[in-house]
Every structure is written in C-alpha cells, then in structure tokens.
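My entries follow the order in which I looked things up.

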Amino acid sequence: MIDRLEKEVDMLERHLQVLKMVIENEPIGIVKMSNETGYPHHKVRYSLRVLEEENLIEPSSQGAIKTERTVEFVDELDDKLDDIIDKLDGMKIEDVAEIEG
C-alpha cells in the first residue's frame, strides 16, 4: 500500500528535478539532462513528456524550454506540497498503545 505512494513520490521528484533543469538551463536536451542527473534517457524522456502534457515545458529545436504556465506552477508548488505533507502527517498512527489496549 505504501510502496505505490513511495514510487509516485520518487517519480514526482524526478519530474520536478527535470523541470528545474529546464528552468535553469533552457534550452536543454535529453542527453545533457541524463548525464547531469544520472537518470537513464528513457526516464528523462518520460518526465519530459509528462511535463509537456502539463504544459510546463515545450520542445524547441535546441531542447526543452519553459512555458508561460511554468512560473504559475512553481509559485503554487510549495503550498501544494505543504498541504500534502500536512495531510500525510495527519494519517500517522502515533499511539500504538491505544490500538493494543
């Protein structure tokens, strides 16, 4: 049950790392991103496709570049992550004694 969540968080981390590289180094290609992150080409390509589907990046002849939507997404990201963290914190089962008793 938790394994799926962990995999999703790992994938989100990769997508966001790829997005950050695009923002900081645009235009940037798959090979350079793969070399700098250590992720295989196919995983970088997948992250780029997901980011493109979300309109956060777009392809250019020199590599991926950010879009107008990128700034808005980045501005909202921290708040959304904080909300998720709060929700996860609320899901903790901290007092095992209550369960056993």
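**Notebook: loops, helix packing and pockets**

I began with the loops and placed Asn 55 in the loop between helix 3 and strand 1. Phi of Asn 55 is near 60 degrees, a positive value in a residue other than glycine. I took helices (H or I, at least four residues) and strands (E, at least two) as DSSP runs, numbered from the N terminus. The model is predicted, with local features requiring pLDDT of at least 70 and side-chain atom pairs pLDDT 80 or more, while totals for chains, interfaces and linings use all residues. Residues are numbered from 1 along each chain as its sequence is written, and side-chain values use heavy atoms, with hydrogens and water left out.

I next checked the loop between helix 1 and helix 2, where Pro 27 lies. The peptide bond joining Glu 26 and Pro 27 is cis, with omega about -15 degrees.

**Helix packing**

I looked up helix 1 (residues 2-25) against helix 4 (residues 68-90): they pack at about 155 degrees, and their axes are 13 Å apart. Helix 1 is therefore roughly antiparallel to helix 4. Axes here are lines fitted to C-alpha atoms, for helices over the stretch in contact, and angles run from 0 to 180 degrees between N-to-C directions. Angles under 35 degrees count as roughly parallel, over 145 as roughly antiparallel, 65 to 115 as roughly perpendicular and the rest as oblique. The crossing of helix 1 and helix 4 is left-handed (the near helix is turned anticlockwise from the far one by less than a right angle; clockwise is right-handed). On helix 1 I listed Leu 5, Leu 12, Leu 16, Leu 19 and Ile 23, and on helix 4 Thr 70, Phe 73, Val 74, Leu 77, Leu 81 and Leu 88, as making the contact (heavy atoms within 4.5 Å). These contact residues comprise 10 nonpolar, one polar and no charged. Ala, Val, Leu, Ile, Met, Phe, Trp, Tyr, Cys and Pro count as nonpolar, Asp, Glu, Lys and Arg as charged, and the others, Gly among them, as polar.

I then turned to helix 1 and helix 2, which pack at about 120 degrees with axes 11 Å apart. Helix 1 is therefore oblique to helix 2. Their crossing is right-handed. Gln 17, Val 18, Met 21 and Val 22 of helix 1 meet Met 33, Glu 36 and Thr 37 of helix 2.

For helix 2 and helix 3, I noted axes that come within 9 Å and cross at roughly 115 degrees. This crossing is right-handed. Ile 30, Val 31, Met 33, Ser 34 and Thr 37 of helix 2 make the contact with His 41, Val 44, Arg 45 and Leu 48 of helix 3.

**Pockets**

I recorded about 250 Å³ of space in the largest pocket. A pocket, on a 1 Å grid over the protein atoms alone with a 1.4 Å probe, is an open set of points with protein on both sides within 12 Å along at least five of seven lines; lining residues have an atom within 4 Å of a point. Helix 1 gives the largest share of the lining, eight residues. The lining includes Glu 8, His 15 and Ile 84, and its classes are nine nonpolar, one polar and two charged.

The second largest pocket has a volume of about 150 Å³ (the space filled by probe spheres set on the points, with grid points joined across faces, edges and corners). Of its 14 lining residues, Ile 30, Leu 48, Glu 52, Pro 59 and Ala 64 lie nearest its centre.
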